[in-house]
Amino acid sequence: HVKFPLLGLKFKNTSGLSLMQGPVTVFDGPSYAGDARLPDLQAAEDRLLSYAIDLGTEVELKPQQGGTRIVTCKIDKGIMIITEKERQGLTYHAVNRSRTDRTLLVEHPYRAEYKLTSEMKPAERSRDMYRFEVKLAADQSAEVPVTEERDIQQRVAITNLNSDQFRFYMQQQ
């Protein structure tokens, strides 16, 4: 959900058998909590299941200032090889307005071409997601900054550059 996270649980198949997919009703003690759809599970496999929207917790995405900067410029056999570092980032701002503490799992897309450079390390990585775990006390807020970088290479034949273009590259830090 764009604004509200989903309530969920980690389900582990401890039956020793494969479980077939199907609907599951989730109870919190004696009270109905929601419905989930169980996927096909092998023995000892675990999955995250979401069963309801958590209206007591709100998450907002805030883009970080990014951009590119030239990190190296090398000339080899008449070809100028320029390597730029592109930086992208998001900050996940979460507010827990409920009366109970929450453990928030922030899922951020995994992109193979980018390297994760955040100080906060993910609790786990699935095939296509990083998962950051945050303890969120009642009536408190937290931020999860996620930054990624990638290198971009550009090759330019020096013979094709005019003096203004060459001057531009030489004036970069």
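Q88 stands opposite E148 in β12, a strand in the sense of a DSSP run of E with at least two residues, numbered from the N terminus. The model is predicted, so that local features need pLDDT of at least 70 and side-chain atom pairs count only at pLDDT 80 or more, while totals for chains, interfaces and linings use all residues. Residues are numbered from 1 along each chain as its sequence is written, and side-chain values use heavy atoms, with hydrogens and water left out.

Strand β12 (residues 141-157) runs antiparallel to β7, to which 17 bridges join it, where pairing requires that DSSP finds at least two bridges between the strands. E148 in β12 also has L116 opposite it, and 2 bridges join β12 to the antiparallel strand β9 (residues 115-116).

The largest pocket holds about 880 Å³ of space; a pocket here is an open set of points on a 1 Å grid over the protein atoms alone, where a 1.4 Å probe fits, with protein on both sides within 12 Å along at least five of seven lines, and lining residues have an atom within 4 Å of a point. Of its 30 lining residues, P5, L6, L104, L105 and E107 are the closest to the centre. β7 (79-96) is among the elements that give two or more residues to this lining, but β8 gives the most, with 8 residues.

The second largest pocket, with a volume of about 150 Å³, is lined by K10, D46, R47, L48, E124, S126 and R131, and β4 gives the most to that lining, with 3 residues.

Notes. Grid points are joined across faces, edges and corners, and a volume is the space filled by probe spheres set on the points. Helices (H or I, at least four residues) and strands (E, at least two) are DSSP runs, numbered from the N terminus.
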